[in-house]
Amino acid sequence: ADMANCDASTQCSSCSDLTSAVDYNTCEGCCQCLDDVIGYYARLKHSWSIPEAKCRMLGEYLRKTGKDAWIHYDEKLLGGEGACSMHVDVWQLIPEVCHDPECYQSEECSKQCFRPEATKEMCPSPFTWSFFKSTREWRPGMLATQSTCEVESCYPQPWIPTEAECKTVSHCESDCPYCETDQFWDWEMKKTMVKCSFVNSKTSKPLSEADCKIACGGSFSGTCYFKKDNRSTAAACITDPPTDALGSTTYEKCVGQKALTGASVTSANYELLQCSSFTTEQCGWAQTTFGQDMACTIHRLQCKNRADCKEAGRCDYEWDDWQIQENGGLCVAPNDFSKDTSYSPHRDFWGECSTLGGEHRSYGCMLYQVTSKDACTQAGAKWFPSAHSKSKCEVPGYAWKKMSSGGFYSGTMACCIQLRGSKSEGRCEMFTQDENSTSCEHCGGTWMSIFRFRSHGRWVEGSWQKNYKWTARAFEPSNKWVTRIAFEKVTDVWQN
């Protein structure tokens, strides 16, 4: 077309009209030579007859107008006549800040990160475009025939396609407590929360204090030292990585071996010390000893093996498990019966515990405001360490048996005089202060732990089997007539 003979002000006045029905009367063919939205609009009329190409050109036109629109041709629309369609991508309307994971850590920031609903106003032109929104979908029936119902599949993961793959399935349907660094999910951060240590090259156990001093060159320093807990259950010989090791971080450089002279072992290996190197019982010591350098704490994670799964569960303290875990234990004062000459059913145990800053439980007064063992001892109460296994939760021995030094032994057993449910799964509503099982049984009580370990670990292995049974549909009675004893009449006979 010859633009020299084209008057854009009169011949192209409707070539960019998106706000009303398309009017080509004043959109002459010469207008398509314009390199702007008018030109694209004119070419839609004069140059393209193939629907797919016309929809593509419409998309280019809309992008020229500043709209992020991608148009495609759908031959099924409008009863088979076909039409151009555009998918409304509402995810692009979410603010850019929502793509930052830290935004979801802030309540204020995360408020703006909800996906908006698509509306007609999101169409390129609400006047010339029709808006369609799918509100339902067709899903074919599942297990709708006897053959599909009773076909063999993998249990407990029926989506696994083959028997061979099914046999590889093994996991624990529970979580287990493990010592891990605070932000264990951040792999790059986790690699910085480590220390380099010396271990026995044959057993991989920490060096003794004497051998550690030899490995450190004959004396300890700020960069090479030995740490051990009071119970001698955890120890570590800390050192800098070898100077000739490759890498730039402790995680990369802590490798190699060092020969020892005069020690009980001939050599020591450099080995990374991580929070996962400690047991749950040692984790509190590691947290106190190494602080934020390692940031060790107990997390509940997927059980790693069958043995851990078997021990999975929680010690039921009848209080906030997480808070007890954070404190490292629970402080409890026994009920005081020393001033009682006879049983009083109206005694206000809740009020007595409240004056001590605690809450009453069937086993004693829970001093939840006391958060350390030392403070608990000063209060004359007993500190029960946070337990992560049945053996640590339910400990043999009377719970309130005192040592000659004034403290308490580690037992958790007491005499339950009001047991609701079975001994293994029930809950005690009142404990006495009988000190052994014999005197407890003479009073008709049940000798049991004041805390109960609730096991919930189940090890699962894949099994290729029939998981469902086909039942034929039938019209039959859903109720059944039965004869029962009229207990209210029996009561009347008994009372009269």
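Leu143 is partly exposed, since its relative accessible area is 38%; here buried means under 20% relative accessible area, exposed over 50%, and partly exposed in between, with a 1.4 Å probe and protein chains only. This is a predicted model, in which local features need pLDDT of at least 70, side-chain atom pairs count only at pLDDT 80 or more, and totals for chains, interfaces and linings use all residues. Residues are numbered from 1 along each chain as its sequence is written, and side-chain values use heavy atoms, with hydrogens and water left out.

Leu143 lies in the loop between helix H4 (107–110) and helix H5 (146–149). Helices (H or I, at least four residues) and strands (E, at least two) are DSSP runs numbered from the N terminus. Together with Met142 and Tyr468, Leu143 forms a nonpolar patch on the surface, with about 360 Å² of accessible area in total. Such a patch joins nonpolar side chains (Val, Leu, Ile, Met, Phe, Trp, Tyr) within 5 Å, from residues with over 30% relative accessible area and no salt bridge.

**Aromatic pairs**

The whole structure holds 13 aromatic pairs. Rings of Phe, Tyr and Trp (its six-membered ring) pair if their centres lie within 6.5 Å; planes under 30 degrees apart count as stacked, over 60 as edge-to-face and the rest as tilted. Two of the pairs are listed here.

| Pair | Centre distance | Plane angle | Class |
|---|---|---|---|
| Phe278 and Trp285 | 5.9 Å | 70° | edge-to-face |
| Trp400 and Phe408 | 5.9 Å | 80° | edge-to-face |

Phe278 and Trp285 are both buried. Trp400 counts as buried because its relative accessibility is 11%, and Phe408 counts as buried because its relative accessibility is 15%. Ring pairs also link Trp400 and Phe408 into a cluster with Tyr317, Tyr363, Phe384 and Phe451.

**Strands and sheets**

Strands of a sheet pair through backbone hydrogen bonds, either parallel or antiparallel. Two strands count as paired if DSSP finds at least two bridges between them. An open sheet consists of 3 strands in the order E18-E17-E19, with antiparallel pairing. Its edge strands, E18 (427–432) and E19 (446–449), each pair on one side only. Strand E17 (residues 413–420) pairs with E18 over 5 bridges in the antiparallel sense, and Leu419 has Cys428 in E18 as its bridge partner.

Elsewhere, strand E1 (residues 71–74) runs antiparallel to E2, joined by 4 bridges. Asp74 has Ala83 in E2 as its bridge partner. In a regular strand the side chains alternate between the two faces of the sheet. Strand E2 (residues 83–86) has Ala83 and Ser85 on a covered face, and Cys84 and Met86 on an uncovered one.

Notes
Patch = residues over 30% accessible without salt bridge, like charges linked within 9 Å, V, L, I, M, F, W, Y side chains within 5 Å. Areas by Shrake-Rupley, 256 points an atom, 1.4 Å probe, with all protein chains shown as cover. Salt bridge = Lys/Arg side-chain N within 4 Å of Asp/Glu carboxyl O.
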